[in-house]
Amino acid sequence: MKLLLVRPPVPKQTIGLKNIMVCEPLGLEYVAAGVDRKHEVRIFDSLVEKGLTRVLKKFNPNIVGLNCYITGVNEVIKICRKIKIKNRDCITVVGGVHATKCPEDFADTAVDIIVMGDGSRVMSKIMEYMELGKPFIEIPGLAFPVGFGEVYRTSDPIHMEIDKLPLPRRDLVDHLKDKYYYIFHEPLSTMKTRWGCWYTCNFCYTWTITDGRVYSRSPENIVDELENIEQEEVYIVDDIFLIKPYR
């Protein structure tokens with residue numbers, strides 16, 4: 001089975017850090033890592049490469065997975081519509097931060113499945129069920145568009161098993177490694193050691209993604225990943241990395 005993971009482009013009118021930093025698509029690398037190696041997996045990063053239409057035609061994936069923040073919702077839907085025009089049988093799967101909290105925003109006829117929560121295990125489940133012909137509705141943590149702005153949700157998302165997370169598939173974007181940077185730091189690799197937050201600030205979504213839980217990787221697990229990172233520069237993107245200095 002063929003899986004194409006896509007990071008959508010950032011709309012030109014958005015205000016953000018896109019002019020001073022472009023980091024690797026870490027979320028998609030984790031999703032790819034959770035998929036059985038018997039499948040063929042590719043990552044397409046629209047932030048640093050062009051030609052998605054050509055890749056879709058040549059690779060001809062069975063499943064396309066996309067993730068984004070709120071600024072990328074329209075871009076994701078546009079890509080899903082383009083995919084369905086070319087191949088109605090291709091399954092479109094949307095995940096990420098915004099899909100987890102606001103799956104209704106992706107309620108479009110071109111979107112087949114919306115993943116809420118940790119996609120590294122869920123995508124492999126989707127592919128397994130697709131191979132076996134089992135109904136996706138049995139998989140926890142999914143939502144399905146049923147109308148404009150309306151979705152049907154299955155059971156709650158699966159909790160993370162933090163030290164069982166496979167190492168991100170950075171090899172899938174190795175050909176793009178010179179395009180990732182943070183201001184003057186390049187080439188750059190991105191790493192995450194903790195998910196969630198203890199605080200419930202009303203202006204922040206971080207704690208809501210994990211329902212107030214904090215998932216922390218062990219020091220041994222972190223070191224294992226550092227030893228596998230080729231780049232000298234490593235950007236740790238935890239929201240609460242420095243809150244407990246003893247760690």
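Student: Which elements do the buried residues of α2 pack against?

Tutor: Quick housekeeping before we dig in. This is a predicted model, where local features need pLDDT of at least 70, side-chain atom pairs count only at pLDDT 80 or more, and totals for chains, interfaces and linings use all residues. Residues are numbered from 1 along each chain as its sequence is written, and side-chain values use heavy atoms, with hydrogens and water left out.

Now to your helix. The buried residues of α2 pack against β1 (2-7), β3 (40-45), β4 (63-67) and α3 (73-86). Contact here means heavy atoms within 4.5 Å. Helices (H or I, at least four residues) and strands (E, at least two) are DSSP runs, numbered from the N terminus.

So who does the packing? α2 covers residues 52-59, and its buried members are Leu52, Val55, Leu56 and Phe59. Looking down the axis of α2, you'd find these buried residues within an arc of 100°, so they line one face of the helix. That arc is taken from the directions from the helix axis to the C-beta atoms. Buried means under 20% relative accessible area and exposed means over 50%, with partly exposed in between (1.4 Å probe, protein chains only). Just after α2 comes Asn60, with a positive phi of about 50°.

Let's follow one of those partners, α3. This helix has 14 residues and reaches 20 Å from its first C-alpha to its last, close to the 20 Å expected at 1.5 Å a residue. The expected span is 1.5 Å times one less than the number of residues. Buried in α3 are Val73, Glu75, Val76, Ile77, Ile79, Cys80, Ile83 and Lys84. The contacts run back to your helix, too: the buried residues of α3 pack against β1, α2, β4, β5 (91-95) and α4 (97-101).

A disulfide is a covalent bond between the sulfur atoms of two cysteines. Here it is called when a pair of cysteine sulfur atoms lies within 2.5 Å. The closest cysteine sulfur to that of Cys80 is in Cys90, 8.9 Å away, so it's too far for a bond. By this rule, the count comes to 0 disulfides.
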